[in-house]
Amino acid sequence: MNKNFKKEEFKKSVAENVKTLYRKTIDEATPQQVFQAVSYTVKDVIIDDWLATQKVYEKEDPKMVYYMSMEFLMGRALGNNLINLTAYEAVKEALDEMGFDLNMIEDQEPDAALGNGGLGRLAACFLDSLATLGYCAYGCGIRYRYGMFKQKIENGYQIEVPDNWLKDGNPFELRRPEYAKEVKFGGYVRVEYDEKTRRNKFIQEGYQSVRAIPYDIPIVGYNNHVVNTLRVWDAEAINDFQLDSFDKGDYQKAVEQENLAKNIVEVLYPNDNHYAGKELRLKQQYFFISASVQAAIEKYKKKHTDIRKFYEKATFQLNDTHPTVAIAELMRILLDEEGLEWDEAWEVTTKTCAYTNHTIMAEALEKWPIELFSRLLPRIYQIIEEINRRFVNEIEKKYPGNHEKMRKMAIIYDGQVKMAHLAIAAGYSVNGVAQLHTEILKNQELKDFYQMMPEKFNNKTNGITQRRFLLHANPLLASWVTDHIGDEWITDLPQIAKMKIYAEDKKAQQEFMNIKYQNKLRLAKYIKEHNGIDVDPRSIFDVQVKRLHEYKRQLLNILHVMYLYNKIKDHPELDFYPRTFIFGAKAAAGYKRAKQTIKLINSVGDVINNDRSINGKLKVVFIEDYRVSNAELIFAASDVSEQISTASKEASGTGNMKFMLNGAPTLGTMDGANVEIVQEVGEENAFIFGLTADEVINFENNGGYYPMEYFNSDQDIRRVLMQLINGEYSNGDMNMFREIYDSLLNTKSSDRADTYFILADFKSYAKAQEEVEKAYRDEERWAKMAILNMASSGKFTADRTIKQYVDEIWHLDHVTVEALN
Ligand code: 26M
């Protein structure tokens with residue numbers, strides 16, 4: 001418990017804040033106002049540690065990592081900050097005494113949803129681990145005015161509602177206008193010979209520019225006084241409207257710059273694993289990268305004179321290719337502003353930048369048309385051309401006369417700038433995010449690059465923070481674990497293995513199942529409030545929550561629900577164990593098939609949930625607006641973790657780890673980190689089915705997959721598919737789900753039907769689901785499995801992942817911070 005939290009002082013400070021912020025007494029304040037007041041009080045405490053941390057960094061000058069990411073899916077800050085300050089219980093008590101419930105106050109905070117899904121949430125978990133482990137780290141990102149859209153379900157369809165998350169202000173952020181940077185777009189490059197240096201000078205002219213203003217958000221380490229910084233950039237116009245400007249050209253330009261600034265940070269692109277090639281997206285990328293790289297160089301130069309050693313004190317981790325323009329921006333500053341020679345600048349850059357790959361989905365690869373790229377970033381484009389020229393020379397040297405290699409590996413080819421190729425050519429490290437994924441990168445997707453530069457490639461299996469996803473999300477289970485093995489698991493998750501000895505202990509099994517039941521009641525209440533659906537907390541909570549994507553196969557799940565429903569209707573006498581299928585998923589706004597799948601899930605739910613004849617044995621719930629804050633409730637209450645992607649397609653997955661930590665066995669394919677989960681917990685404690693990655697890749701490369709054969713030869717499959725087009729779930733509308741049906745069977749387009757092997761895996765999935773039911777009926781067996789899952793989750797802490805990044809890639813210095821007083 002944090003000793004800086006004196007209850008009486010805390011209460012006084014909250015009351016004081018309500019007064020100065022809202023001119024109200026505490027009993028007149030709305031819950032939102034109390035949230036704000038409490039947050040400002042907490043921020044006060046954080047600020048002292050934040051200052052102390054910066055002092056230590058000043059003095060010790062450790063090597064630091066800049067984690068560059070278009071996305072940071074932070075979720076709520078208040079509860080997490082209290083947890084990491086070890087002040088949660090004290091504040092809960094203090095608020096109780098004031099007549100407020102901390103949970104209710106936490107619920108006033110909007111999620112900071114500056115991310116889509118896995119990639120953005122991973123960045124958030126990494127920041128938590130970096131601070132907790134005592135490493136100097138900056139998150140660099142964009143302060144989107146609107147984050148991930150809020151999802152409403154109307155008539156079964158997804159409606160996107162803007163996420164105005166800043167409307168009541170963000171109490172934890174700090175605006176830092178004194179560190180503003182200018183970022184330039186467009187215009188042209190004038191080359192001028194400089195007699196003095198005997199070098200060409202490159203001068204960008206006729207450009208538009210915006211002012212990047214940083215906002216700093218504190219990242220509190222767990223119980224160690226370390227507070228790091230997430231720096232997100234806002235955009236402002238440089239020449240605030242000159243109303244007296246009679247120069248028409250100037251006036252026009254002022255308006256344009258105003259608009260540029262306003263548009264750049266307006267909204268997060270809500271695409272997940274899909275690249276659309278939008279100009280504004282490239283503007284966003286260069287905007288925050290240019291500002292971040294300028295700031296990093298400026299910070300280095302405060303203490304150091306030799307820019308050629310920049311990489312000794314700083315490293316840039318590029319979260320996928322989205323921030324890859326950092327490579328060229330660093331080159332630009334080193335060449336044009338610091339006056340280095342090409343080779344010197346290249347050495348610094350290639351020792352500074354490292355790249356993480358998060359996907360093998362072809363449609364996610366960023367390839368910018370050179371017309372767009374060179375128009376928006378003329379100097380950056382020149383630099384990339386030169387990087388490409390030299391890289392192509394390297395390829396030619398290594399593979400003389402092999403035009404094929406050049407064609408496949410060049411950074412600029414076919415009129416496009418290929419960002420992954422740039423990241424690999426210039427990065428000193430290329431990592432995948434789970435063992436299987438890294439092997440696929442090395443042997444399939446990035447084979448040519450691996451053969452040429454094998455030393456760059458490495459794996460860093462993802463992880464999650466147990467502070468948010470167990471300690472905060474599941475207080476009952478967290479206390480139970482602490483009561484048995486002490487609290488060291490909070491910063492040393494592998495210690496949770498000590499719980500293995502309780503897996504067969506009857507009393508412990510009952511306690512575990514009871515905690516799960518309490519959490520299921522909590523979720524059932526949420527579902528009742530939000531969906532109006534009654535769910536039976538004694539039924540199996542079978543949960544699939546993640547972005548909606550065809551490769552994740554929510555469709556396989558709902559088709560199986562349709563199959564079960566048929567079975568129950570045909571055989572009412574069957575002893576069917578009650579199940580609640582819970583879905584949560586946002587579809588990218590323009591992703592038609594994904595949106596149809598949401599409609600299908602809701603339509604199936606409507607029919608099944610309202611069929612009195614099945615006695616509530618089957619329920620289907622679609623949780624609206626799945627996001628970090630309700631995810632915390634959901635993981636804690638889950639019995640079964642659905643991780644059913646087409647093998648080879650899910651790079652890692654991290655939700656799988658959150659379920660495991662909360663004692664939900666995996667029902668899944670041998671994909672991504674599922675493979676390692678099974679390694680840790682044992683096959684007998686997971687439900688594995690489906691094609692392997694090798695089998696999928698083999699079909700993809702050599703053909704031979706014919707989904708129609710399953711349709712022809714399997715009555716159950718045929719019946720379910722026919723129900724997509726016979727109006728069964730659409731009030732007689734035979735067209736509503738026709739496209740889904742076609743996608744599984746018809747090869748109208750050039751694509752193979754059933755791209756994601758749903759029919760191939762259907763029967764083995766159904767079989768695995770039967771195994772789940774059988775296991776669940778045996779309560780002792782189930783409790784044992786669940787406890788073993790939780791107790792085997794030690795590997796999947798982001799603390800381990802970050803240690804590996806530090807030891808094998810970044811080589812950061814460790815710091816410790818003492819409390820100020
Ligand atoms: C690209 C272009 C334009 C707009 C948006 C994008 C884009 C945004 C997010 C592309 C991909 C994005 O995220 C991909 C992602 O979340 N990948 C997931 O990363 C996780 C963390 O490594 C893995 O666990 C998941 O398996 C992987 O799907």
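User: Why is the passage of helix 9 over helix 10 called right-handed?

Analyst: A crossing is left-handed if the near helix is turned anticlockwise from the far one by less than a right angle, and right-handed if clockwise. Helix 9 passes helix 10 in the clockwise case, so the crossing is right-handed. Two ground rules first. This is a predicted model, where local features need pLDDT of at least 70, side-chain atom pairs count only at pLDDT 80 or more, and totals for chains, interfaces and linings use all residues. Residues are numbered from 1 along each chain as its sequence is written.

User: Which residues make the contact between helix 9 and helix 10?

Analyst: Helix 9 brings Ile327, Leu330, Met331, Leu334 and Leu335. Helix 10 meets them with Trp342, Ala345, Val348, Thr349 and Thr352. Contact requires C-beta atoms, placed from the backbone, within 7 Å. The contact divides into 8 nonpolar, 2 polar and no charged residues. Nonpolar means Ala, Val, Leu, Ile, Met, Phe, Trp, Tyr, Cys and Pro; charged means Asp, Glu, Lys and Arg; the others, Gly among them, are polar.

User: What are the domains, and where do their bounds come from?

Analyst: The bounds come from an automatic or database domain assignment. For this chain, that gives domain 1 (1–60 + 77–110), domain 2 (61–75 + 113–462 + 804–810) and domain 3 (466–690 + 756–795). The C-alpha centres of domain 1 and domain 2 lie 34 Å apart.

User: How many residues of domain 1 and domain 2 are in contact, and which elements of domain 1 contribute?

Analyst: 18 residues of domain 1 are in contact with 16 residues of domain 2. On the domain 1 side, helix 2 (31–60) and helix 3 (78–84) each give two or more residues. The largest share, 12 residues, comes from helix 2. That side of domain 1 divides into 8 nonpolar, 7 polar and 3 charged residues.

User: Which residues come nearest to the ligand, and what makes a residue part of its shell?

Analyst: A residue is near if its C-beta atom, placed from the backbone, lies within 6 Å of the molecule. There are 23 residues around the ligand, and Gly118, Leu119, His358, Ala651 and Ser652 come nearest. Helix 6 (residues 118–133) gives the largest share, 3 residues. The shell holds 8 nonpolar, 12 polar and 3 charged residues. Domain 2 and domain 3 each supply at least three residues to the shell.

User: Why are strand 22 and strand 25 called edge strands?

Analyst: The open sheet has 6 strands in the order 22-21-20-23-24-25, with parallel pairing. Strand 22 (618–622) and strand 25 (687–688) each have a single partner strand, so one side of each is left without a neighbour in the sheet. Strands pair if DSSP finds at least two bridges between them. Strand 20 (residues 540–545) and strand 21 (residues 579–584) have 6 bridges, so they pair. One of these joins Val545 to Gly584 in strand 21. Helix 21 (residues 592–609) packs on this sheet, touching strand 21 and strand 22, and its direction makes about 145 degrees with that of strand 22.

User: How many bridges join strand 11 to strand 12, and what do the two strands form?

Analyst: Strand 11 (residues 208–220) runs antiparallel to strand 12 (residues 227–237), joined by 11 bridges. In strand 12, Trp233 is the bridge partner of Pro214. The two strands form a hairpin with 6 residues between them. Asn223 in the turn has a positive phi of about 55 degrees. Strand 8 (residues 181–185) is also joined to strand 11, by 5 antiparallel bridges.

Technical notes: Helices (H or I, at least four residues) and strands (E, at least two) are DSSP runs, numbered from the N terminus. Two residues are in contact if their C-beta atoms, placed from the backbone, lie within 7 Å. Axes are lines fitted to C-alpha atoms, for helices over the stretch in contact, and angles run from 0 to 180 degrees between N-to-C directions.
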